[in-house]
Amino acid sequence: MLDNSNVAPGKNKTLRCAIYTRKSHEEGLEQEFNSLDAQRESAEHYIEAQRMRGWTALPDRYDDGGFSGGNMERPGLRRLLADIDAGKIDVIVVYKVDRLSRSLLDFMKMIDLFNEKGVSFVSVTQHFSTTDPTGRMFLGILITFAQYEREVIAERIRDKVAAAKRRGKYCGGVPILGYDVDRDNKKLLVNPDEAKTVQYIFRRFIQIGSAKKLGQELNEQGYRTKAWTTKKGKVREGSEWNTAHIYRLLNNRIYIGEIAHKDRSYPGEHEGIIDRATWDKVQAILEDNKPVKVSMARTKMVAPLKGVIRCGHCGCAMGPTYARKNGRHYTYYICQKDSKRTVSRCPLKRIPAGDIEQAVIEQLSAVFRTPTLVAKTYFAARDIEQVERERLFKQKAQLEMELSQAREQALELMKPGSDQPGKAEMLTTVNRQAVELSKQLTHVSERCRAYRGNSITEQDVSEAFQNVEGFWEDLFPVERNRLIRLLVDKVEIRETGIDMELRTNGLTTLIAELAGLACEVTERRASR
């Protein structure tokens with residue numbers, strides 16, 4: 001237990017006293033005289049009263065504003081312990097014991113360190129002597145109650161947050177793209193400009209189905225994550241997108257007007273900016289992508305029929321296998337169950353992927369040529385294209401204006417006689433911004449050109465579906481696999497032929513998927 005013998009009367013030496021202060025939250029710390037100052041002032045008065053015993057307060061401040069006493073991850077405390085280790089401190093003075101720690105375990109560790117270094121510990125408002133068993137018991141009780149109080153407060157806060165979320169209230173956190181925070185009323189307000197970006201991200205993900213590719217596109221077009229200002233006025237700039245940002249956004253139920261708590265969600269007070277149908281499509285693609293990710297880690301590409309093709313003899317799934325001969329790559333489907341046997345017993349052996357995929361496509365051609373499907377796909381694609389065109393041209397105009405402003409600023413700085421302070425640094429910054437804006441403008445302009453004069457027509461959709469093989473060639477393997485899984489429930493292979501079962505539900509999802517792919521293919525062809 002703590003040894004305070006070095007502060008006992010009769011020791012005529014100067015004792016260097018370090019004052020440690022702590023406050024659990026940041027509320028009120030911006031005031032000129034705050035809680036930390038009040039704690040320090042009390043400690044200074046106490047030290048002054050002990051001047052005759054050689055006590056003197058050190059000028060260094062060991063303050064932790066906005067840090068919990070439940071752990072030792074506090075910068076002020078770390079500095080204090082480092083200075084104790086360096087032999088710079090003789091006495092630690094705090095306003096109350098729980099300012100140093102609310103954890104019995106942490107407190108006992110620190111007391112051991114104090115004893116090892118010959119440092120004394122004093123609480124201004126809680127007088128106790130640790131030189132006898134009664135004092136040590138009293139100190140242990142104080143810390144135990146401090147820990148109990150911390151745990152009760154934490155439980156109360158958790159209950160309060162859970163109750164607030166059940167009522168659909170916003171409970172704070174880092175602001176998210178698409179919303180501003182009304183700090184007075186603690187509510188989320190839709191930010192119209194950011195909401196369009198969020199809607200674009202959801203819509204675009206449905207089209208391409210890849211978070212990585214979507215993140216690259218967003219960065220190339222100059223989009224950044226949420227920029228916001230803290231309560232203290234600090235500006236947090238937006239950063240480049242990565243896949244973690246994309247997945248976090250796509251899984252955030254706030255965008256459909258709900259508040260999530262643990263594994264449940266509740267209707268929120270705020271307005272949703274993503275409709276339920278779009279949300280469901282995105283979640284379905286995310287769910288589908290999970291096995292695809294595993295597959296991609298083991299294979300070089302995603303087989304279009306993976307997930308639907310089955311062996312007609314044992315009913316087991318068939319998977320792709322690859323071979324190489326004379327510099328050429330060959331893909332086959334084999335029975336997964338038979339592939340694990342030491343001696344093959346499946347009469348199918350290896351099925352060439354090209355042959356079976358061609359047979360499936362030919363059977364699907366009849367589905368694609370259905371007039372109703374063509375018409376509905378065209379109308380959906382036209383809506384997607386219109387929204388995308390408006391967004392791109394608006395973004396292009398914005399980038400042109402920002403680039404023009406950057407050039408004017410550069411010219412102003414380079415004028416003869418211009419002697420602004422820090423001119424060289426400002427010019428470097430402006431030039432860097434201009435280069436970045438030029439890159440973004442080039443990328444957006446290329447996409448605008450792909451849309452200019454190339455509006456999708458019903459005839460385009462009809463011709464694309466008449467020539468399914470050509471349309472198929474323009475799709476990436478992942479897109480082919482997703483389309484097949486939307487259309488086909490099962491493809492069963494036998495020696496005598498194939499049996500194929502189509503899905504009879506999910507027409508709306510299929511049309512949205514086809515419309516997105518039709519727009520994507522049109523843009524790819526126009527960009528060539």
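How many bridges join strand S16 to S17, and in which sense do the two strands run? Strand S16 (residues 488–494) is joined to S17 by 6 bridges, and the two run antiparallel. Strands are taken to pair if DSSP finds at least two bridges between them. Helices (H or I, at least four residues) and strands (E, at least two) are DSSP runs, numbered from the N terminus.

The model is predicted, so local features need pLDDT of at least 70 and side-chain atom pairs count only at pLDDT 80 or more, while totals for chains, interfaces and linings use all residues. Residues are numbered from 1 along each chain as its sequence is written, and side-chain values use heavy atoms, with hydrogens and water left out.

The mean pLDDT (the predictor's confidence in each residue, from 0 to 100) of the protein is 80. A pLDDT of 70 or more is reached by 85% of the residues. Over residues 292–300 the pLDDT stays under 50. For that stretch the model has 7 contacts beyond four places in sequence. Contact means heavy atoms within 4.5 Å.

The protein has 17 helices and 17 strands. Of its 528 residues, 43% count as buried. Buried means under 20% relative accessible area, exposed over 50%, and partly exposed in between (1.4 Å probe, protein chains only). Among contacts between residues at least 6 apart in sequence, 66% join residues at least 24 apart.

S16 and S17 belong to an open sheet of 3 strands, in the order S12-S16-S17, with mixed pairing. Strand S12 (309–311) and strand S17 (497–502) are the edge strands, each pairing on one side only. The twist averages 25° from one strand to the next. Angles run from 0 to 180 degrees between N-to-C directions, and axes are lines fitted to C-alpha atoms, for helices over the stretch in contact. Lys490 stands opposite Glu501 in S17. Helix H11 (residues 353–368) packs on this sheet and touches S12, S16 and S17. The direction of H11 makes about 40° with that of S17. Helix H16 (residues 477–487) also packs on the sheet, touching S16 and S17. The direction of H16 makes about 95° with that of S16.

Glu495 lies in the loop between S16 and S17. At 53% relative accessibility, Glu495 counts as exposed. Residues up to four places away in sequence aside, Glu495 touches His313, Pro347 and Leu348. Glu495 and His313 are 182 residues apart in sequence, yet their C-alpha atoms are 9.3 Å apart in space.

A second open sheet has 3 strands in the order S13-S14-S15, with antiparallel pairing. Strand S13 (318–325) and strand S15 (351–352) stand at the edges with a single partner strand each, so one side of each has no neighbour in the sheet. S13 and strand S14 (residues 328–335) run antiparallel and are joined by 8 bridges. Pro320 has Tyr333 in S14 as its bridge partner.

Strand S6 (residues 179–182) and strand S7 (residues 187–190) pair over 4 bridges in the antiparallel sense. Asp180 has Leu189 in S7 as its bridge partner. S6 and S7 form a hairpin with 4 residues between them. In the turn, Lys186 has a positive phi of about 55°.

Helix H6 covers residues 192–208. The expected span of a helix is 1.5 Å times one less than its number of residues. For the 17 residues of H6 this should give 24 Å, and the end C-alpha atoms are 25 Å apart, which agrees. H6 is largely enclosed by the rest of the structure, because 13 of its 17 residues are buried. Just after H6, Gly209 takes a positive phi of about 65°.

Glu217 is found in helix H7 (residues 211–220). Glu217 is buried, with a relative accessible area of 10%. Neighbours within four places in sequence aside, Glu217 is in contact with Tyr200, Arg204, Ile208 and Arg447.

A disulfide is counted as a pair of cysteine sulfur atoms within 2.5 Å. By this rule the count comes to 0 disulfides. Cys311 is in no disulfide, and the nearest cysteine sulfur, that of Cys314, is 3.8 Å away. Cys311 counts as buried, at 0% relative accessibility. Cys171, at 36% relative accessibility, counts as partly exposed.
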